[in-house]
Amino acid sequence: MSSDTTSDLKPLNIALLTVSDSRGIAEDSSGQFLENSIIEAGHRLVARRILPDDVYLVRALMSGWIADPEINVAIITGGTGFHERDSTPEAVTPLLDKAIEGFGEEFRRLSASEIGTSTIQSRAFGGLANHTVIFCLPGSTGACRTGWNGILNTQLDSRHGPCNFSALALGKPDKPFDRINQVIGERSER
């Protein structure tokens, strides 16, 4: 978290993931709401993906986004409930350097006025990994609206005070990400 605020918006590069076993792009109203909100807020959507609720697929994609110096923020919608296949927390939590405990707490506080005690069934959470700010929201469009309008819109805005996550995300080190695809010798030489 940073107390650095600016007078002008510093746009962030944001990657968006929908975790769902049943949604394609046409049915992904939550992802579409978040995409529209990201762009309307002045940020850049640099990736948007839909993956099934699979711990290892989600973890592999998120590992790449965390390592990519071009991605400042990753937002995930879906897979945060208690159904058997809901596995976003299990996929992402091991990748975090630090948890943003207040995000899940504030999300549930805000959603309680909308859905009452059912908010306890949300495992929404946030964290940091390699200066990538990560927020995981439930899959419903209403929950994404609550999370974006109530928390994310201001916490990703460099003009918001007294603090926001913008400066931290923009401080991501520029590491040689292209090395992940570098081939080292022929197989016969290894």
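**Entry 1: Q155**

I began with Q155, which touches H160, C163, N164, F165 and S166, leaving aside residues up to four places away in sequence; contact here means heavy atoms within 4.5 Å. I note that this is a predicted model, in which local features need pLDDT of at least 70 and side-chain atom pairs count only at pLDDT 80 or more, while totals for chains, interfaces and linings use all residues. Residues are numbered from 1 along each chain as its sequence is written, and side-chain values use heavy atoms, with hydrogens and water left out.

I located Q155 in helix α5. Helices (H or I, at least four residues) and strands (E, at least two) are taken as DSSP runs, numbered from the N terminus. Is Q155 buried or exposed? I found a relative accessible area of 15%, so Q155 is buried. The classes are buried under 20% relative accessible area, exposed over 50% and partly exposed in between, with a 1.4 Å probe and protein chains only.

I then checked the loop between α5 and α6 (166-170), where P162 is placed. The peptide bond from G161 to P162 is cis, and I recorded its omega as near 15 degrees.

**Entry 2: α4 against α5**

I looked up the packing of helix α4 (residues 101-115) on helix α5 (residues 141-155): the angle is about 120 degrees and the axes are 10 Å apart. Axes are lines fitted to C-alpha atoms, for helices over the stretch in contact, and angles run from 0 to 180 degrees between N-to-C directions. The two helices are therefore oblique to each other. By the cut-offs, angles under 35 degrees are roughly parallel, over 145 roughly antiparallel, 65 to 115 roughly perpendicular, and the rest oblique.

Which residues make the contact? From α4 I listed F103, E106, F107, L110, S111 and E114, and from α5 G142, A143, T146, G147, G150, I151 and L152. By class, the contact holds 6 nonpolar, 5 polar and 2 charged residues. Ala, Val, Leu, Ile, Met, Phe, Trp, Tyr, Cys and Pro count as nonpolar, Asp, Glu, Lys and Arg as charged, and the others, Gly among them, as polar.

**Entry 3: the sheet**

I traced an open sheet of 6 strands in the order β2-β1-β3-β6-β5-β4, with mixed pairing. The edges are β2 (44-51) and β4 (98-99), each with a single partner strand, so one side of each lacks a neighbour in the sheet. Two strands count as paired if DSSP finds at least two bridges between them.

I also looked at the helices on the sheet. Helix α2 (residues 55-67) lies across β1, β2, β3, β5 (125-129) and β6, and runs at about 180 degrees to β1. Helix α4 touches β4, β5 and β6, and its direction makes about 30 degrees with that of β6.

**Entry 4: strand β3**

I examined strand β3 (residues 73-77), where 5 of the 5 residues are buried, so the strand is largely enclosed by the rest of the structure. In a regular strand the side chains alternate between the two faces of the sheet. I found V73, I75 and T77 pointing one way from β3 and A74 and I76 the other way.

Strand β1 (residues 13-19) pairs with β3 in the parallel sense over 5 bridges, and the bridge partner of T18 in β3 is T77. The pairing of β3 with strand β6 (residues 132-137) is likewise parallel, over 5 bridges. There I75 has F135 of β6 as its bridge partner, and I76 stands opposite C136.

I turned to β5, which is mostly covered, with 5 of its 5 residues buried. F125, G127 and A129 lie on one side and G126 and L128 on the other. β4 and β5 pair in the antiparallel sense over 2 bridges, with L128 as the bridge partner of K98. β5 and β6 run antiparallel and are joined by 5 bridges; G126 stands opposite F135 in β6.

What lies between β5 and β6 in their hairpin? I counted 2 residues between the strands, and N130 takes a positive phi near 55 degrees there. N130 is buried, at 18% relative accessible area. H131, also placed in the loop between β5 and β6, has a positive phi of about 65 degrees although it is not a glycine.
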